[in-house]
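Q: I'm new to this one and would like to learn how to read it feature by feature. Could you walk me through it?

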Amino acid sequence: MSKSAWWRGGVIYQIYPRSFVDSNGDGVGDLAGITGKLPYVASLGVDAIWISPFFKSPMKDFGYDVSDYRAVDPMFGDIEHFRHLVSEAHRLGLKVMIDQVLSHTSEQHAWFAESRASRDNARADWYVWSEAKPDGSPPNNWMSVFGGSAWQWDTRRRQYYLHNFLASQPDLNFHHPEVQDAMLDEVRFWLELGVDGLRFDACNFHFHDTQLRDNPPAQIRDNATVTADNPYGYQAHRYDKSQPQNLDFLKRLRSLLNEYDAVALGEIGDDDSLARMAEYTAGNDKLHMAYSFNLLTPAFSADYIRRQVRELEAQIGSGWACWTTGNHDAIRMPTRWGRNAGHPRFAPCILAMLLSLRGSACLYQGEELALPEAELSFEQLQDPYGIAMWPEFKGRDGCRTPMPWRHDLADGGFGSETPWLPMPDAHRRLAVDVQDADPDSCLAFYRRFIAWRRGQPALKDGDIRFLDDDAQVLAFTRDDTTLCVFNLSPEPRGYTLPAEAEELAGCPLTGARRDGRELTLEGWGGWMGQLA
């Protein structure tokens with residue numbers, strides 16, 4: 001088995017660099033700050049870190065608009081800071097994954113400056129350009145994920161260019177072979193610097209329908225990618241993304257990664273993202289693993305999670321999922337699913353459930369502290385998505401506020417008195433130093449459970465089989481040997497165990513009492529057993 005097999009059933013910790021640690025007091029987190037806290041990350045017992053973009057960027061979408069793929073933005077440090085980070089992570093036994101945004105660049109990228117200058121230069125077709133309709137309107141009805149038309153008029157070429165996200169994020173034309181080659185070269189640059197894997201942003205957006213056909217209306221406006229307030233969900237996205245040509249590009253990408261024994265994690269936002277996850281990870285020749293937004297929505301119950309996993313398992317075959325209940329784009333889980341009730345067993349129960357599903361897992365910074373969503377005023381918002389969609393959708397700033405390290409400092413120990421987003425009082429009360437001193441804290445449970453899971457091979461790689469269809473109790477086996485039972489509700493529930501079930505030694509889960517075969521689960525209680 002190759003050294004990269006760590007990812008199968010592995011636990012990845014996502015770091016949002018702007019908000020992790022500010023080492024130089026400028027209000028923004030940086031690479032040196034991350035490096036200084038790597039011992040803390042290693043203490044969680046995770047296998048790898050995933051660092052959100054730190055490349056040179058005008059930061060109109062906070063790094064997901066790259067103007068130079070090979071340069072570290074000065075606000076985060078420089079390439080030597082990154083080399084030191086990788087070296088220190090490896091010394092601590094942590095793999096390093098970085099974000100790569102291949103589908104689009106910043107409008108300030110040199111490639112786009114050249115492309116928009118004329119219709120006949122060397123990079124004229126590196127982006128998606130189109131004539132206006134006879135009446136001057138955009139070429140078709142495609143919508144931006146951030147709202148409004150996905151087409152922006154450019155007076156230099158007197159044409160529209162495609163932007164699936166902000167107008168300042170023009171989409172590359174992956175139908176052009178030189179574009180594919182160029183993007184693979186950008187990936188190779190970081191592989192040469194020793195990264196162990198890459199998370200590929202919006203990886204089903206690389207190709208578009210060359211006929212530019214209109215998307216049909218959505219039959220059901222139930223899209224995990226966007227909220228109900230966003231017109232993007234009104235369309236079935238048949239032609240603007242997830243085109244069949246992407247499979248061949250992903251195979252080329254996998255071949256490159258195989259040269260370095262590196263791992264690919266894909267982010268997939270689609271009308272049927274579970275089917276796309278299966279398609280993009282099948283055959284051991286494309287992505288190693290993929291995640292979607294299906295567990296990042298407000299929908300939550302044992303029944304909902306069971307349906308998501310069953311649907312994926314029915315089609316994934318040799319593919320592999322990476323489940324996540326939080327990231328930099330989603331309302332924090334204790335608010336989204338826990339309704340800010342603050343139950344001490346809630347976050348531990350969700351972690352244990354997540355790390356017991358078949359697949360790998362991503363944890364987002366602050367989840368181990370059970371941080372709720374930060375409440376921000378309109379004046380405090382930085383996210384252009386939230387500013388455009390206010391007030392029904394408040395954007396993504398509420399999950400991006402600085403990490404609280406110390407309860408006794410106004411900035412929570414982040415490193416600057418005026419961070420780029422404010423530090424909520426509720427977060428300081430949950431700071432790392434507070435939970436480090438409490439053996440019953442959420443942080444302590446994360447460490448215990450992740451360490452215990454390392455000795456449970458069935459939880460990392462075994463098959464999964466659900467045992468019932470209870471609306472709130474999620475019960476399943478892994479590898480037909482390990483039984484997992486979770487009460488995903490605040491009310492007590494009962495569950496009848498199989499006759500041969502015996503409690504697994506050392507499992508840190510709490511909130512369950514057994515009387516013979518009858519199990520009483522308190523709110524957010526869990527139990528794990530061994531089957532003969």
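A: Let's begin with helices. The expected span of a helix is 1.5 Å times one less than its number of residues. Helices (H or I, at least four residues) and strands (E, at least two) are DSSP runs, numbered from the N terminus. Before we use that, note that this is a predicted model: local features need pLDDT of at least 70, side-chain atom pairs count only at pLDDT 80 or more, and totals for chains, interfaces and linings use all residues. Residues are numbered from 1 along each chain as its sequence is written, and side-chain values use heavy atoms, with hydrogens and water left out.

Q: What span should the 16 residues of α5 have, and how far apart are its end C-alpha atoms?
A: At 1.5 Å a residue, α5 should span 22 Å, and its end C-alpha atoms are 23 Å apart, which agrees. After α5 comes Gly194, with a positive phi near 100°.

Q: Which residues of α5 are buried?
A: Buried means under 20% relative accessible area, exposed over 50%, and partly exposed in between (1.4 Å probe, protein chains only). In α5, the buried residues are Val179, Gln180, Ala182, Met183, Leu184, Glu186, Val187, Trp190 and Leu191.

Q: Where is Asn173 found, and is Asn173 buried or exposed?
A: Look in the loop between β8 (159-162) and α5 (177-192). Asn173 has a relative accessible area of 13%, so it counts as buried. Contact means heavy atoms within 4.5 Å. Leaving aside neighbours within four places in sequence, Asn173 is in contact with Asp125, Trp126, Tyr127, Val128, Val179 and His208. One of these, Val179, is itself a buried residue of α5.

Q: Now the sheets, please. What is the strand order in the open sheet of 8 strands?
A: Two strands pair if DSSP finds at least two bridges between them. Here the order is β11-β10-β9-β5-β2-β1-β13-β12, with parallel pairing. At the edges sit β11 (289-292) and β12, each pairing on one side only. For angles, axes are lines fitted to C-alpha atoms, for helices over the stretch in contact, and angles run from 0 to 180 degrees between N-to-C directions. On average, neighbouring strands of this sheet are turned by 25° against each other, direction ignored. Packed on the sheet is α7, which touches β10 (263-268), β11 and β12; the direction of α7 makes about 170° with that of β11.

Q: How many bridges join β5 to β9?
A: There are 4 bridges between β5 (residues 95-100) and β9 (residues 197-200), and the two run parallel. Gln100, for instance, has Phe200 in β9 as its bridge partner.

Q: How many residues of strand β13 are buried?
A: 5 of the 5 residues of β13 (residues 360-364) are buried, so this strand is largely enclosed by the rest of the structure. Both faces are covered: Ser360, Cys362 and Tyr364 lie on one side, Ala361 and Leu363 on the other. Strand β1 (residues 11-15) pairs with β13 in the parallel sense over 4 bridges, with Gln14 opposite Tyr364. β12 also pairs with β13 in the parallel sense, over 3 bridges, and there Thr324 has Cys362 as its partner.

Q: Which strands make up the open sheet of 3 strands?
A: Those are β17, β20 and β19, in the order β17-β20-β19 with antiparallel pairing. The edge strands are β17 (493-496) and β19 (512-515), each pairing on one side only. β17 and β20 (residues 518-521) share 4 bridges, and Tyr495 is partnered by Leu519.

Q: How do I read the two domains?
A: Domain bounds come from an automatic or database domain assignment. For this protein the assignment gives domain 1 (11-106 + 176-453) and domain 2 (464-531). Their centres, taken over C-alpha atoms, are 30 Å apart, and 23 residues of domain 1 are in contact with 28 residues of domain 2.

Q: What area do domain 1 and domain 2 bury between them?
A: Buried area is the accessible area (1.4 Å probe) that two parts lose on being put together, summed over both. Here that is about 2200 Å², 69% of it on carbon and sulfur atoms. In domain 1, Arg306, Arg345 and Trp452 lose the most area to domain 2, together 31% of what that side buries.
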